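This report concerns helix packing and pockets in a protein model. The model is predicted.

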Amino acid sequence: DVHVDHEKNAAWVRALRRRDDVDVACVCGDVSDDLDALEETLEGFKRAAFAEVFYTFGNHELWLGEADETRGTKDSKAKIEEVFAMCARIGVRTSPMKVCDGLWIAPVHSYHHKAFDTEPEVAEAVPPVERVMNDFRFSKWPDGMDDRDSDDVARYCDSLNDGAAWETFLRSIERGDRVVSFSHFLPRLELLPEKRMLFYPKLAQASGSVHLRKRVEEIKSRINDGDMTHVFGHTHFGWNTQIDGVRYVQASLATPKEWQKRPRSLIIGNWTNAQPEPMCVYTKARSLGVVDDAKAMWSEYYAKNRRTPEDVELAPHAREFVQRRWGDRRLESNGADAPLPGATGRVK
């Protein structure tokens, strides 16, 4: 999540140092909704002498603005095609590739959908995700592609992975190979704090994809435990954990304001937005163990505390924020078939 619409982040990209020409950069989306800014940023990574730059889009890239209207971009589906065409023109990779003996880099394209969230709602009533998340305002999809009540868009974005490059990738992986895959969105719900911990408890409904999880598991089935790292973004929480033989890492540049207000939840190991380059997740010398000891606040919390999504009482910090932002809207039980707001009751 590079977010170069913030000048401090754009300056960070411009200041990337030149390096050994064997290094590879994985850019996990949310660079900018402006296509020119996206191209300039990806070119910035290439100017820093990365041997290869790999990329997948985030939700921000799919927002439509005045520049897209001027260019004649009719919807977000067409904008994805423009993004891929630009990447091909400047030599940025959007498909899996073996970059050296035994190491694969695999961007996995995806989009969020509501069914990713399978955990109970909290006791407070908060506005629906369509009212809170800007994706539903600024993205536009063709008729027949519903991004609100179905997984149409998520399935379409997942299908962008299909093709000769993906099939060759799966067919060519061997036991003993290592894979660094990456996506913008979350492949597992366990990579997000429980609802009761969040300032916006419905965040999971616009954060991940079950189709993405299947892609990650498809890769993992072909290699050994410990030989795969999956990097993700979107939620702006530092994260480093291992689940079912896959290491999951998030190191987000996020926004300058977030680093001022909640730095502890963004830091991973010694990496912050003050570092002069992206976080390293692989070196030939240390294999995939380069981030093993890099601690992050939320993943450390869940390493020590069992996830209890059935606890629907908001944590004090979240309750204070929710009540300040949306008022006291606690659900009061009114029967399972109550016609009032909320799954089980009315808002008082």
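## Packing of H2 and H4

Helix H2, spanning residues 35-47, packs against helix H4, residues 76-90, at an angle of about 30°, and their axes lie 11 Å apart. Because angles under 35 degrees count as roughly parallel, H2 is roughly parallel to H4. The crossing of H2 past H4 is right-handed.

On the H2 side, the contact is formed by Leu35, Leu38, Glu39, Leu42, Glu43 and Lys46. H4 contributes Glu82, Val83, Met86, Cys87, Arg89 and Ile90. By class, the residues of this contact of H2 with H4 comprise seven nonpolar and five charged, with no polar ones.

## The largest pocket

Helices H10 (256-261), H11 (297-304) and H12 (316-326) each provide at least two lining residues of the largest pocket. H12 gives the most, with five residues. The lining of this pocket divides into 14 nonpolar, 11 polar and eight charged residues.

## The second largest pocket

A volume of about 990 Å³ is found for the second largest pocket. Among its 38 lining residues, Val24, Ala25, Cys26, Met279 and Cys280 are the closest to the centre.

Strands S1 (24-27), S3 (97-100), S4 (103-107) and S8 (246-250) are the elements that give two or more residues to this lining. S1 gives the most, with four residues. The lining of the second largest pocket contains 27 nonpolar, four polar and seven charged residues.

Technical notes
Residues are numbered from 1 along each chain as its sequence is written. This is a predicted model: local features need pLDDT of at least 70, side-chain atom pairs count only at pLDDT 80 or more; totals for chains, interfaces and linings use all residues. Side-chain values use heavy atoms; hydrogens and water are left out. Axes are lines fitted to C-alpha atoms, for helices over the stretch in contact, and angles run from 0 to 180 degrees between N-to-C directions. Angles under 35 degrees count as roughly parallel, over 145 as roughly antiparallel, 65 to 115 as roughly perpendicular and the rest as oblique. A crossing is left-handed if the near helix is turned anticlockwise from the far one by less than a right angle, and right-handed if clockwise. Contact means heavy atoms within 4.5 Å. Ala, Val, Leu, Ile, Met, Phe, Trp, Tyr, Cys and Pro count as nonpolar, Asp, Glu, Lys and Arg as charged, and the others, Gly among them, as polar. On a 1 Å grid over the protein atoms alone, a cavity is a set of points where a 1.4 Å probe fits but cannot get out, and a pocket is an open set with protein on both sides within 12 Å along at least five of seven lines; lining residues have an atom within 4 Å of a point. Grid points are joined across faces, edges and corners, and a volume is the space filled by probe spheres set on the points.
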